[in-house]
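The sequence and the structure are shown below.

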Amino acid sequence: MASSSSVNLEDVPSESLMTELLRRMKCATKPEKRLILIGPPGSGKGTQSPMIKDEYCLCHLATGDMLRAAVAAKTPLGVKAKEAMDKGELVSDELVVGIIDEAMKKPSCQKGFILDGFPRTVGQAQMLDEMLEKQGVKIDKVLDFAIDDSILEERITGRWIHPASGRSYHTKFAPPKVPGVDDVTGEPLIQRKDDTAAVLKSRLDAFHKQTEPVIDYYWKKGIVAKLHAEKSPKEVTEEVQKVLS
């Protein structure tokens, strides 16, 4: 059976179908969870979110990706977002919350979601809460990836990536076998424009000013779990599992 917008299931390899079926059976017993990940750039959210997504059968809602997907799919909200972007304007909070609302209805979000990169301001947090309330649900937990700025500088300015695959390396913590070269392809690594000390400082300033009040907002609701994000990824994973179990 196939619909115009989806793949024809007859063309999907049996192994892929069985893997997905087994995943859904495993997920059927999982409790619902709606999570927000908050932390400055380099605090480890991107390392932990795939584990959380797989372990608890949640969908990962990154606002940038969702906006691009809505624009590409030409949804009514996507069309409005594109109009704003084309004019060089910021996409309004109402539109972003609407796109999150749309994305939450996908089958992959049945057990809940991880929101990453939103809300960045208290106003956005209030708008998100109102939208969820209309659906009779709420944010269950906010994971606060707390870390000192000086540790972040060392982490971020040492990051190098292989653009084609997205593989990432770090000069100190996860160096490539040959400096400046991808282990698998032998192609050169690049440093993202965002991963310089000057850019990091402005991003951290924005985070402290705009987003830290969001943590206070949710703290008053009693749903914030403070993680020690300076620890190793394995130790942070253990903290996350304790908080969510």
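## The sheet

Two strands are taken to pair if DSSP finds at least two bridges between them. Strands of a sheet pair through backbone hydrogen bonds, in either a parallel or an antiparallel sense. The model discussed here is predicted. By the pairing criterion, five strands form an open sheet in the order E2-E3-E1-E4-E7, with parallel pairing. E2 and E7 are the edge strands, each pairing on one side only. From one strand to the next, the twist averages 20°.

## Strand E1 and its neighbours

E1 pairs with E3 in the parallel sense over five bridges, and four bridges join E1 to E4, again in parallel.

E1 is mostly covered, with six of its six residues buried. Lys33, Leu35 and Leu37 are buried on one side of the strand, while Arg34, Ile36 and Ile38 are buried on the other, so that both faces are covered.

## Helices across the sheet

Helix H2, residues 45-56, lies across E1, E2, E3 and E4 and runs at about 175° to E1. Helix H8 lies across E1, E4 and E7, at about 145° to E1.

H8 has a kink of about 40°, centred on His208. Its buried residues are Leu200, Leu204, Phe207, Thr211, Val214, Ile215, Tyr217 and Tyr218. The buried residues of H8 pack against E1, H6, strand E4 (141-146), helix H7 (149-157) and strand E7 (224-228).

## The nonpolar cores

The largest nonpolar core contains 36 residues, of which Leu61, Ile100, Leu128, Ile139 and Tyr218 touch the most other members. At least two residues of this core come from each of the following elements: strands E1 (33-38), E2 (59-62) and E3 (112-116), and helices H3 (63-73), H4 (76-86), H5 (93-103), H6 (122-134) and H8 (197-219). H5 provides the largest share of this core, six residues. A second, separate core comprises 19 residues, including Ile156, Leu200, Ala225 and Val240.

Within H5, the buried residues are Leu95, Val96, Val97, Gly98, Ile99, Ile100 and Ala103. The buried residues of this helix pack against E2, H3, H4, E3 and H6. Which residues does Ile100 touch, not counting residues up to four places away in sequence? They are Leu61, Thr63, Met66, Leu115, Phe118, Leu128 and Met131. Two of these contacts, Leu61 and Leu128, are also among the residues that touch the most other members of the largest core.

## The annotated lid region

In UniProt, an unreviewed entry places the feature "domain: Adenylate kinase active site lid" at residues 159-194. In the predicted model, the chain over residues 159-194 is 0% helix and 17% strand. The C-alpha atoms at the ends of this segment are 10 Å apart.

Key. Residues are numbered from 1 along each chain as its sequence is written. This is a predicted model: local features need pLDDT of at least 70, side-chain atom pairs count only at pLDDT 80 or more; totals for chains, interfaces and linings use all residues. Side-chain values use heavy atoms; hydrogens and water are left out. A nonpolar core is a set of buried Ala, Val, Leu, Ile, Met, Phe, Trp, Tyr and Cys residues joined through side-chain atoms within 4.5 Å. Buried means under 20% relative accessible area, exposed over 50%, partly exposed in between (1.4 Å probe, protein chains only). Contact means heavy atoms within 4.5 Å. The bend at a residue is the angle between axes fitted to the seven residues ending there and the seven starting there. Axes are lines fitted to C-alpha atoms, for helices over the stretch in contact, and angles run from 0 to 180 degrees between N-to-C directions. UniProt positions are given in the numbering used here, feature names are shortened, and annotations may be inferred rather than shown by experiment.
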